[in-house]
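Here's a quick tour of what the atoms say about this one. Have a look at the model first, then read on.

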Amino acid sequence: MEEQNIVERDKAVIWHPYTQMKLAQPPIPIVRGEGAYLIAEDGTRYLDAISSWWVNIHGHSHPYIAKKVAEQLLTLEHAIFAGFTHPTAVELAERLLKILPGNQKKIFYSDNGSTAVEVALKMCFQFFSNRGEERPKVIAFKNSYHGDTFGAMAVSARSAFTAPFEKLLFDVEYIDLPNAENIQALKSQISNLKSQVSSFIFEPLILGSGGMLMYEAHYLDELIRCCKESGILTICDEVMTGFGRTGELFASDHLKQQPDIMCFSKGITGGTMALGATSCTNEIYEAFLSDDKLKTLFHGHSFTANPVACAAALASMDLLLSTETFNNLNRITEQHAAFREKIAGHPKLRDVRQTGTIIAFEWETNQDTSYFAGLRDMLYNFFLDAGIILRPLGNIVYILPPYCITNDELSFVYSKIEEALDRF
Ligand SMILES: *Cc1c(COP(=O)(O)O)cnc(C)c1O
């Protein structure tokens, strides 16, 4: 029998995420990663300008992270995390809390961004139920994205993706992104709802999946302050923005206010392993301390605080806090800013916007701008043919690169974006 290639074997057994398996192009088989490149079986080197679904921060197959992970694997690969602990999880929590806003005092581990959000929502609902209060509602931004499990999906924007589950999702009040015109109205909306609402969950400064929609830190400060005055807990979902994306270590570093709870995943391990973390204040933590066992936070995953994932996160943090990474964050931010200035006013661009290392280009289009529209696929294939992985959100092309990307590589991506603007 003739040996089948990877793509044929894939087709026989695999169901891919966010993919209409009937219509999709065959997947590209990737066999190796190296710096900012993913390398295909046929030798094609793809410049990974979206950090492999926003997770990679120091480049692929980084030797330092690989070494630390290998050492951890030979020392301790897994330990049950109820009734037991291990040094890697403790060290990671200590080091995370050192770089988070000062009010964050405890780390609860889970597996990914969605579970980090589930844990945060449960903490908030139960914070009130442990005090005998019922607050069934959550406030979230229109166009937000917080994950694909049911709770995370419920607080995300309702869309074609969530339509089949609509009736099963709990009650959420959606508010507009804040700006100079609506900030007062948003604040009254929040204070009018206050006794029914347990939490306000938000992506700080930039709504990722919603289309890289950006808003200003000082308006978020006002919303957080308003929630504090109304007794509503705040959940800052830093799953995308964390670990340097916005130019600071965390998007929260642009804020004056401190959220009650924060969610992390994606870049936490440098994109090496699946790991989620939810941090919280002492006030939240203490609301679960009781002689009554029913006030326990009954949540956990088989791989909670997996030592190998924690080791990857510690190694990634070593790199993140290095001068080299600090310089790279500034360098990418400056390169983006210069290109933004150059391209602004292009007749095909409705908007170009930037927050730190993330830059987004919104195509002017008269056609249907939905995810399913043709422009998106044309752009995706155009960049792929040029050897660049960019995955437009509808008519919005964005660069969200690993921090090791060079100026030459960035210039190459910019030039292809200019070419695409001329063509589509
Ligand atoms: C990706 C993302 C999530 C979900 O994380 P997963 O690891 O994919 O479950 C949650 N919140 C935000 C802001 C994200 O970008």
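## Around the ligand

Twelve names to highlight in your viewer: the ligand is surrounded by Trp 54, Asn 112, Gly 113, Ser 114, Tyr 145, His 146, Gly 147, Glu 203, Asp 237, Val 239, Met 240 and Lys 266, where a residue counts as near if one of its heavy atoms lies within 4 Å of the molecule.

Which residues have N or O atoms close to the ligand's oxygens? Ser 114 has a side-chain N or O atom 2.5 Å from a ligand oxygen. For Lys 266, a polar side-chain atom sits 2.7 Å from an oxygen of the ligand, while Gly 113 uses a backbone N or O atom, 2.8 Å from a ligand oxygen.

## Ground rules

This is a predicted model, so local features need pLDDT of at least 70 and side-chain atom pairs count only at pLDDT 80 or more, though totals for chains, interfaces and linings use all residues. Residues are numbered from 1 along each chain as its sequence is written, and side-chain values use heavy atoms, with hydrogens and water left out.

Domain 1 puts 27 residues into the contact and domain 2 puts in 25, with contact meaning heavy atoms within 4.5 Å.

## The interface

Between them, domain 1 and domain 2 bury about 2300 Å², 65% of it on carbon and sulfur atoms; buried area here is the accessible area (1.4 Å probe) that two parts lose on being put together, summed over both. Tyr 18, Trp 54 and Thr 355 supply 28% of what domain 1 buries against domain 2, more than any other three residues. Trp 54 is also on the list of residues around the ligand.

How many salt bridges cross this interface? The rule finds zero, a salt bridge being a side-chain nitrogen of Lys or Arg within 4 Å of a carboxyl oxygen of Asp or Glu. It does find 12 residue pairs in polar contact, both at pLDDT 80 or more. A polar contact is a pair of N or O atoms within 3.5 Å; within protein, one must be able to donate a hydrogen and the other to accept it, and residues adjacent in sequence count only if both atoms are side-chain atoms.

## Salt bridges

The count comes to 19 salt bridges by this rule. One pairs Arg 95 with Glu 91, the closest N and O atoms being 3.9 Å apart.
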